[in-house]
Amino acid sequence: MVEGYECEIKDMSLHEFGRKELDIAQVEMPGLMALRDEFKDAPPLKGAKISGSLHMTIQTAALIETCHSLGAELRWCSCNIYSTQDHAAAAIAKAQTAAVFAWKNESLEEYWECTLKMLTWPDCDGPDILIDDGGDATLLMHEGEKYELEFEKNGTLPDPQSTNNREMQQVLRIIRRELENGNTKKWGKMLNNLKGVSEETTTGVARLDQMSLKGELRLKCINVNDCVTKQKFDNVYGCRHSLPDGLMRATDVMIAGKQVVICGFGDVGKGCAQAMKAQGSRVVVVEVDPICALQAAMEGYEVKRLESILTTGDIFITATGNKGIIMAHHMAQMKNNAIVGNIGHFDNEIDMDGLDNYPGIKPMNVKEQVDRYEFPDGHGIIVLAQGRLLNLGCATGHPSFVMSCSFTNQVLAQIELWKEKDSDEKYQRGKVYVLPKHLDEKVARLHLASLNAELTELSTEQADYICVPQAGPFKKDAYRY
Ligand code: NAD
Ligand code: RBV
C-alpha cells in the first residue's frame, strides 16, 4: 500500500494512466462539466467537508473533482471491496483532490477500516455532508451512536462474535475499538455535525426508508436514486452496458443462444434482460411482483420460477436487491459450468456461505473474481466476483455518460444540503427527500447536446392546452416514465 498525503491506495505509479482516462471520461460527462462551468465564479460547496463512500472508479473520480472544483474538501473510500479502479484512486491521490482510502480487492477488515478513515476528519467532529452508496457509512455512524449510548448507560461494549454476519462483525469490532480507545462520543458528535447525506442506490434508499419508519434515522437525506435521470438511466442503461461487459471480461462465454435467467425485473433487471436479449440469448425472468412479471411477459420474456429452469439455465443473474435468491441447493442442481452472478448492490442475493460450506465442495480460483465450484459428483458452476456486484467486480461498472446523469444529481443534492445547512425548514432530520422535477429535467437537458438531440419546444397554446408551464416541468411528480 502507498501511504502519503492522507491516502492508502495500491499503486501511485498508475496516476498518469488514471489521469488520461479521467480526461477522456470528462468529455463523456457533460452534466458534471456544465456544473463546474455554471458555478465557477461562486463555488457553492465552499467550506464543505464531504466524505464519500462510492465505488472509487474513473467516473467517481470525475464526481470527486467536480465537488472539489465547487469548493469542497473531500475524503473518499469505495463502497465495495472489489470495485476500486486503482488507477482512478492514484489519479485522485496524486492530484490531492481528495484523501483516498481504497484499492481493488480489499479484505472486509480493510474495507471497514477505509470507511472509518473516510469518515474521520483531522481536528473536527467529522464530515459536513456525506455521499453514500448502499448505506454502509450511514450504518456505521448509526450503529456507533447506538453502542455509545449503551456504553454510557451501563459500560457494555459491542461483541463482534455476537453475530454471524461477517460485515457486522467488522462494524462492531471498529465501534468497540473506538470505545476502548476512549472515543466515547465520536459517532454521536459526527451525526450531530453532519448536515445530511445523499444516497446513490436503490438498496441504500431502502435502508434509509426503513430507519426513517422506525424513527432511528438521525440525518437529513436526499434520495438520489429516485431522480428519474438516475433510476431510469443508470439502473437500466448502465446495467444494460455493464452486465455483458462483466460477463464477457470474466468468462468470454458466447451469450447468444444461451438461456439466461434474470432474477428481478425492476430497473436493473430490465436493463440486464434487454442486453441479454440483444445478444441473442433466450431470457427467462423470475419475479415476485405480478406487475413486473406481466411487464416481462409483454416484452416477450418467459416468466418462470427459479426451480423450473434450474437445470436448463446457462447464466443466472440476480438483480433483486433482496436476499437469499439463489441458494446452494439451487446451484447444486445447475448444469455443468453454469455461470452465476449478481448485479444487485449487496452480496446476499447468492448464498455464498452455503456454497462454501456445501459438503464435499471443491472451490478453484480461475482468475481474479472468477471461481469454479465443483460438487462431489464432478460437475461445477462458475461464480463471478464471489457474489458481489459483477459489473464492478469483473468489469469497470457503468460507463461515463450514464454516470454523468447520476452524479450530476449527486452534486445538485450536495449543493442543496450545504445551502440548507443552517435551516430545518426545507429538509428535516429523519426524513428522506427527492430533488424537484425541474432539476431532473435540467440534468437531462445537459446531456442532450452531446448526443445531437434536438428538443422540440412547446408553443404557449400547446402548453396551456396540456396544462404545463412552457419551460417545464413537463410531467406531474407521479409520472412513471
Ligand atoms: P427494483 O426495486 O426496481 O427491482 C428489484 C426487483 O426485484 C423488483 O421488481 C422486485 O419485485 C424483484 N424481487 C424482489 N424479491 C424478489 C425475489 N425473491 N425473486 C424475484 N424477484 C424479486 O430495484 P433496482 O433499482 O432494479 O435495483 C436492484 C438492485 O441493484 C439494488 O440492490 C440496487 O441497489 C442495485 N443496483 C446496482 C447497480 C449496479 O451497477 N450494479 C446499479 C443500480 C442499482
Ligand atoms: N455505479 N457506479 C459505477 N462506474 O462508478 N457504476 C455503477 C461507476 C453505481 C450505480 O449508480 C449503482 O446505483 C451503484 O453503483 C450500486 O452500488
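Domain bounds, as I use them here, come from an automatic or database domain assignment. This is a predicted model, in which local features need pLDDT of at least 70, side-chain atom pairs count only at pLDDT 80 or more, and totals for chains, interfaces and linings use all residues. Residues are numbered from 1 along each chain as its sequence is written, while chains are lettered from A and ligands numbered from 1 in the order in which they are written.

First, the overall fold. The protein chain has 20 helices and 17 strands; these are DSSP runs numbered from the N terminus, with helices being H or I of at least four residues and strands E of at least two. The radius of gyration is 23 Å, close to the 23 Å of the globule rule for 481 residues, so the chain is as compact as a globular protein of that length. That radius is taken over C-alpha atoms, and the rule is 2.2 Å times the number of residues to the power 0.38. The C-alpha trace spans about 70 × 65 × 45 Å along its principal axes.

On to contacts, meaning two residues whose C-beta atoms, placed from the backbone, lie within 7 Å. Of those in the protein chain between residues at least 6 apart in sequence, 74% join residues at least 24 apart.

Now the domains. Domain 1 covers 2–133 + 135–199, and domain 2 covers 238–393. Their centres, over C-alpha atoms, are separated by 30 Å. Where they meet, four residues of domain 1 contact six residues of domain 2. The domain 1 side of that meeting has one nonpolar, three polar and no charged residues. For these classes, Ala, Val, Leu, Ile, Met, Phe, Trp, Tyr, Cys and Pro count as nonpolar, Asp, Glu, Lys and Arg as charged, and the others, Gly among them, as polar.

Next, the ligands. A residue is in a shell if its C-beta atom, placed from the backbone, lies within 6 Å of the molecule.

Ligand 1 is surrounded by 31 residues, with Gly264, Gly266, Val268, Gly321 and His345 the closest. Here α9 (202–213), α11 and α12 (267–278) give two or more residues each, and α11 has the largest share, four residues. The classes are 11 nonpolar, 16 polar and four charged.
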